[in-house]
Amino acid sequence: MDIKASAKEELYRLASALACITVAYNLVEGIVSAWFGFDDDSLALFGFGLDSFVEVVSGAGIWHMVRRQRSNRQEERDRFERTALRITGYCFYLLAAGLLVSGAYDIYHGHAPKTTFWGIVVSCVSILSMWLLIHYKVKAGRALESKAIMADAACTRVCLYLSGILLAFSVGYRFTGIGWLDSAGALGISWFCYKEGKEALEKAVGLTCSCSCGCKN
């Protein structure tokens, strides 16, 4: 696809703005989710909040990537991005392990949250926000023919799936009162955290990641 330099610059500005919005959104989402998750004893919402904090580190690397591509149009990751990916990967592994142990412990002891109301609210807002971010990231990535920006969109899609898990189990507990549903939601989030960690470390060393984007850089 051949696009004019001015149009290309606009697209890179859009991609950069989307990266900044992703970082800012995940920071706010992390604070809100972790706060209400802790206050309501909802492990799924608390884990969702911690996941958002890890996404902030990943988003910083993506923002740097877009700036670099805007300057020299190179797809190959630099040292800053690889370091951010390694940090992201190991943080996701730690989070996955913590949620796995905590979720299993809560299920065994029959723990139930006070409420999952805020889990429903946060997940609904997140689903709408992630859907919009994915739409515009895909638009910019396709127009620029950038595998890296398309990979970013694919990772945002994982956040959409996480929001769906949180919504499903939060609604399930809200209407049934079955306590283990919240812990089961945390276990589901831990699985996606493991997958995200694995993909981040694969991309840090230049391997083809296992996500649907099929990126290699």
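Modeller: Here it is, and keep in mind that this is a predicted model. Let's start with E202. At 15% relative accessibility, E202 counts as buried, because buried means under 20%.

Biologist: Which residue forms a salt bridge with E202?

Modeller: K198 does. The closest N and O atoms of K198 and E202 are 2.7 Å apart.

Biologist: And is K198 buried or partly exposed?

Modeller: K198 is partly exposed, at 30% relative accessibility.

Biologist: Where do K198 and E202 sit?

Modeller: Both are in helix α6, which covers residues 180–204. They are four residues apart, so about one helical turn separates them.

Biologist: How many salt bridges does the structure hold?

Modeller: Three. Salt bridges with shared partners link E9, E10 and R13 into one network.

Biologist: Which helix are they in?

Modeller: R13 and E9 lie in helix α1, residues 5–39. They are four residues apart, about one turn of the helix. E10 and R13 are three residues apart in helix α1, so they too are separated by about one helical turn.

Biologist: How exposed are E9, E10 and R13?

Modeller: Each is partly exposed. The relative accessible area is 24% for E9, 44% for E10 and 37% for R13.

Biologist: New topic. What about E29? Where is it?

Modeller: E29 is in helix α1 as well. E29 is buried, yet it has no salt bridge.

Biologist: Which side chain of opposite charge is nearest to E29?

Modeller: K137, and it is 12 Å away.

Biologist: Then what does the E29 side chain make a polar contact with?

Modeller: The side chain of S52, at 2.6 Å.

Biologist: What else does E29 touch?

Modeller: Leaving out residues up to four places away in sequence, E29 touches F48, V122 and S126, along with S52.

Note on methods:
Residues numbered from 1 in each chain as written. Predicted model: local features only at pLDDT ≥ 70, side-chain atom pairs only at ≥ 80, totals over all residues. Heavy atoms only, no water. Salt bridge = Lys/Arg side-chain N within 4 Å of Asp/Glu carboxyl O. Helix = DSSP H or I, 4+ residues; strand = E, 2+ residues; numbered from the N terminus. Buried < 20%, exposed > 50% of the residue type's maximum accessible area, 1.4 Å probe, protein only. Lys, Arg positive; Asp, Glu negative; His and termini not counted. Polar contact = N/O pair within 3.5 Å; in protein donor to acceptor, adjacent residues only side chain to side chain. Contact = heavy atoms within 4.5 Å.
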